[in-house]
Amino acid sequence: MKNTRISTGIKGFDEILNGGFIPGASYLILGEAGTGKTILSLQACQESVRRNESCLYVTFSEPEASIRKNAASFGWDLSKVVFVDFTKEIIREEINGEYSVFPPSDVEETPIWSRLYQAIEEHDPALVIIDSATFLHYLSRDEYQFRKQIQKLINKLNSRGCISLLLYEPSELEKETSLALAVDGVVAIQNELTEQKITEIRTIEVKKMRGFSFLSGRHPMRITETGITVWAHRIERLKSIPYDRNIISSGIAELDQLLKGGFSTGTCTIISGPSGVGKSSLSEQFLCVAAEEGIKGALYTFEEGGASILNRANGISLPLEEQMEKRMVILREINPLEHYPDEFLEIFRKDIEKEGTQLVVIDSLRGYNLAMEGFGNLVSHMQNLINYCRSHKVTLILVNELENITGDVRITDVGVSYMSDNVLMLRYAEHDGRIIKVVSCLKKRLGDFEPELREFKITGNGIVVGKKLDYLRGLLTGVPMSKPEKSAPKQ
């Protein structure tokens, strides 16, 4: 069979299917009520109409008028779609506010199947939707008859070379698995809440694809005003790409001296420290200096608003706003409760591949963790993001906030420090009755650095880094002491 795919009309879903539907294949679309099975089918119909192909929609559960109305709410015109509506034939009159379905003994099975085959012959559709095949199961006299009829239907559809989508309830599939065995592909749609019962997670997963490859796993999806959007969960493979590395400096002479020039491009740096110590300002300093050198940057903020960031930058004479106006720096506010990890990664990829971003700041890891914790492990998502950056020669700076102001020295509270190439630590310390800030480099994978502590200040004229604090000891504990004077040698 030729490996040709037909677009589903849903970009991310096409990616999961490695291009789209297989011509002449049948798909079982599984999902509870409200998960989006019908919307996915209607979107596929819309795409089929766009290609000037005939489309047949067979409905047992919702009247044609209602389906067309729902499609119109998404801006879809299904006037060219042929509907076969069985709803009046299988639903009795409303009794005491409830509907009841005819038992198989009250329904003539043969005419329904005959009308279905007749419609297929008459309209010769490229796409057939059966909404839902669950009703065909209900209307069958027994399991044997259902298996026999459904296999006959699928064989007929496949032989005609049309794509068929059969909507089905997962609970029914648990009782009767023959339908899953008969079709070429099985797609499951789920709608769940996170463990915190706050955020809704919709996912789509291909459970089976006979004879063809697909992207495995559960992929996030969302139902929007324009239909279903899917973000394929791609595992970024770590690639070893040889290239000439350059140095990204801070533009602060004393800090660059400590770093022996700066950090190598294409590496991952963690700037870690407690709240208010200057982590964000330092990361933005790197962005602005890089922009002056012609390196495009992007700042993704998960916590602080854009207006606040610009006010703070202006207050310390940092030309962030100027670089944004020149389109050398992109500032994006990311609401942690609104974005799936793969949705954020898609934004991230577009900025790198279309905007030419080469230096990225994520502020902060805590905010990123809040955004990702409902969708899996932070470490795995961060590793995926870092692998992508490395394979595209992008320099990454991660701002990390520590809970403890003083005391034990930890790089992060979320267990991702091992992934970094470089670590800059900012700390508070008490000295001579005042609070001072201290900067040090704890790790630099590519190249040498000075293992020393320097005072770190944020002023109205910018960031100032002092000389080595060689007259103090215990700085990292937060309560340093002056070094004792060396005794004069005995005569």
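# Briefing on the predicted model

S264 is found in strand β11 (residues 263-264). Helices (H or I, at least four residues) and strands (E, at least two) are taken as DSSP runs and numbered from the N terminus. This is a predicted model, in which local features need pLDDT of at least 70 and side-chain atom pairs count only at pLDDT 80 or more, while totals for chains, interfaces and linings use all residues. Residues are numbered from 1 along each chain as its sequence is written, and side-chain values use heavy atoms, with hydrogens and water left out.

**The chain as a whole**

- The protein chain contains 16 helices and 22 strands.
- Of its 491 residues, 51% are buried; buried means under 20% relative accessible area, exposed means over 50%, and partly exposed lies in between (1.4 Å probe, protein chains only).
- Contact means heavy atoms within 4.5 Å. Among contacts between residues at least 6 apart in sequence, 68% join residues at least 24 apart.

- Residues up to four places away in sequence not being counted, S264 touches R245, N246, I247, T395 and L446.
- E343 has its place in helix α14 (residues 341-353), and at 12% relative accessibility E343 counts as buried.
- Apart from neighbours within four places in sequence, E343 is in contact with R222, W231 and E338.

**Aromatic rings**

- A search of the whole structure finds 16 aromatic pairs. Rings of Phe, Tyr and Trp (its six-membered ring) pair if their centres lie within 6.5 Å; planes under 30 degrees apart count as stacked, over 60 as edge-to-face and the rest as tilted.
- The pair of F135 and Y138 is edge-to-face, because the ring centres lie 5.8 Å apart and the planes stand at 75 degrees.
- F135 and Y138 are 3 residues apart in helix α6 (residues 133-139), so about one helical turn separates them.
- F135 is buried, with a relative accessible area of 15%, whereas Y138 is partly exposed at 38% relative accessibility.
- Y300, F302, F344, F348, Y368 and Y388 are linked into a cluster by ring pairs.

**Charges over rings**

- A charge sits over a ring if NZ of Lys or CZ of Arg is within 6 Å of the ring centre and within 35 degrees of the ring normal.
- R222 lies over the face of Y340, at 4.5 Å from the ring centre.
- R349 lies over the face of Y388, at 5.7 Å from the ring centre.

**Helix packing**

- Axes are lines fitted to C-alpha atoms, for helices over the stretch in contact, and angles run from 0 to 180 degrees between N-to-C directions. Angles under 35 degrees count as roughly parallel, over 145 as roughly antiparallel, 65 to 115 as roughly perpendicular and the rest as oblique.
- A crossing is left-handed if the near helix is turned anticlockwise from the far one by less than a right angle, and right-handed if clockwise.
- Helix α15 (residues 365-372) and helix α16 (residues 378-391) have axes that come within 10 Å and cross at roughly 115 degrees. These two helices, α15 and α16, are therefore roughly perpendicular to each other.
- The crossing in which α15 passes α16 is right-handed. L365, Y368, N369 and M372 of α15 make the contact with L378, H381, M382 and L385 of α16.
- The axes of α14 and α16 are 12 Å apart, and the helices pack at an angle of about 15 degrees. That angle makes α14 roughly parallel to α16.
- α14 and α16 also form a right-handed crossing. On the α14 side the contact is made by P341, F344, L345, F348, R349, I352 and E353, and on the α16 side by H381, N384, L385, Y388 and C389.

**Backbone features in loops**

- The peptide bond from D131 to S132 is cis, with omega near 0 degrees; S132 lies in the loop between β4 (127-131) and α6.
- The peptide bond from D363 to S364 is cis, with omega near 10 degrees; S364 is found in the loop between β15 (359-363) and α15.
- N18, a residue other than glycine, has a positive phi near 55 degrees. N18 lies in the loop between α1 (11-16) and β1 (26-30) and is partly exposed, with a relative accessible area of 39%.
- R327, a residue other than glycine, has a positive phi near 65 degrees. R327 lies in the loop between α13 (320-325) and β14 (329-333) and counts as partly exposed at 46% relative accessibility.
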